[in-house]
Amino acid sequence: MTPVETTVLVASLAAIGWINWYFFVAGRTVTRATGTGNGPQEVLVRVDGGYSPSSIQVAAGRPVRLSFDRADTSGCSEEVVLPDFGIRKFLPTGAVTTVEFTPDRPGTYEFTCGMSMLRGRLIVTRA
Ligand SMILES: [Cu+2]
């Protein structure tokens, strides 16, 4: 093989590996909230062109505190919306903004940016 062929092969394998990771691993990783007893279930969510983690598991019937740490400056992510809980909040860049609510019923709920382009999931399980 020529050096060019080798480079193309290596780059292709890297791309395939990344695509598999992105679709089959990254999207399925569910982060459980921390906190026990009656205190809030806390999760720190980084906002930087998307939500990380984007799948969050909490238990029903206990308060949830999501802390959004916004790093990017795009207009897209400046608001976070949790329609099922009636929450819409502005996220200043470079700051952590907390949102608190108590999910009463198990289910999967979405959280999005103000235009529904960035998406995350809140998986509420039976307490
Ligand atoms: Cu947006």
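**Exercise 1. A salt bridge at Asp72**

Task: Find the salt-bridge partner of Asp72 in this predicted model and decide whether the two residues are buried or exposed.

Solution: 
- Step 1. Asp72 pairs with Arg70 in a salt bridge. The closest N and O atoms are 3.2 Å apart.
- Step 2. Check Asp72. Its relative accessible area is 10%. The cut-off for buried is under 20%, so Asp72 is buried.
- Step 3. Check Arg70. Its relative accessible area is 3%, so Arg70 is buried too.

**Exercise 2. Salt bridges between strands**

Solution: 
- Step 1. Begin with the total. The whole structure holds 7 salt bridges.
- Step 2. Take Arg46. Its side chain meets that of Asp69, N to O, at 3.8 Å. Arg46 is partly exposed, at 41% relative accessibility.
- Step 3. Take Glu100. Its side chain forms a salt bridge with that of Arg65, at 2.8 Å from N to O.
- Step 4. Glu100 is partly exposed at 47%. Arg65 is partly exposed at 24%.

**Exercise 3. The largest nonpolar core**

Task: State how many residues form the largest nonpolar core, and which elements supply two or more of them.

Solution: 
- Step 1. The core has 24 residues. Tyr51, Ile56, Leu66, Phe68 and Phe101 have the most contacts inside it.
- Step 2. Two or more residues come from each of strand 2 (41-47), strand 4 (55-59), strand 5, strand 6, strand 8 (96-101), strand 9 and strand 10 (119-125).
- Step 3. Look at Tyr51. Beyond four places in sequence, its contacts include Val45, Phe68, Val80, Phe111 and Leu118. Cys113 is also among them, and Cys113 is a copper donor.
- Step 4. Nonpolar side chains tend to be buried together in soluble globular proteins.

**Exercise 4. A buried glutamine**

Task: Which backbone atoms does the side chain of Gln41 reach?

Solution: 
- Step 1. Gln41 lies in strand 2. Gln41 is buried, with a relative accessible area of 4%.
- Step 2. Its side chain reaches the backbone nitrogen of Ala59 at 2.8 Å.
- Step 3. The side chain of Gln41 also reaches the backbone oxygen of Arg62, at 3.3 Å.

**Exercise 5. Backbone exceptions**

Task: Locate the cis peptide bond and the non-glycine residue with a positive phi.

Solution: 
- Step 1. Most peptide bonds are trans, and most residues other than glycine have a negative phi.
- Step 2. The bond from Ser52 to Pro53 is cis, with omega near 0 degrees. Pro53 is in the loop between strand 3 (51-52) and strand 4.
- Step 3. Ser116 has a positive phi of about 60 degrees. Ser116 lies in the loop between strand 9 and strand 10. At 35% relative accessibility, Ser116 is partly exposed.

Key:
Residues numbered from 1 in each chain as written. Predicted model: local features only at pLDDT ≥ 70, side-chain atom pairs only at ≥ 80, totals over all residues. Heavy atoms only, no water. Donors = N, O, S within 2.8 Å, 3.2 Å for Na, K, Ca; no water. Core = buried A, V, L, I, M, F, W, Y, C linked by side-chain atoms within 4.5 Å. Buried < 20%, exposed > 50% of the residue type's maximum accessible area, 1.4 Å probe, protein only. Helix = DSSP H or I, 4+ residues; strand = E, 2+ residues; numbered from the N terminus. Contact = heavy atoms within 4.5 Å. Salt bridge = Lys/Arg side-chain N within 4 Å of Asp/Glu carboxyl O. Polar contact = N/O pair within 3.5 Å; in protein donor to acceptor, adjacent residues only side chain to side chain.
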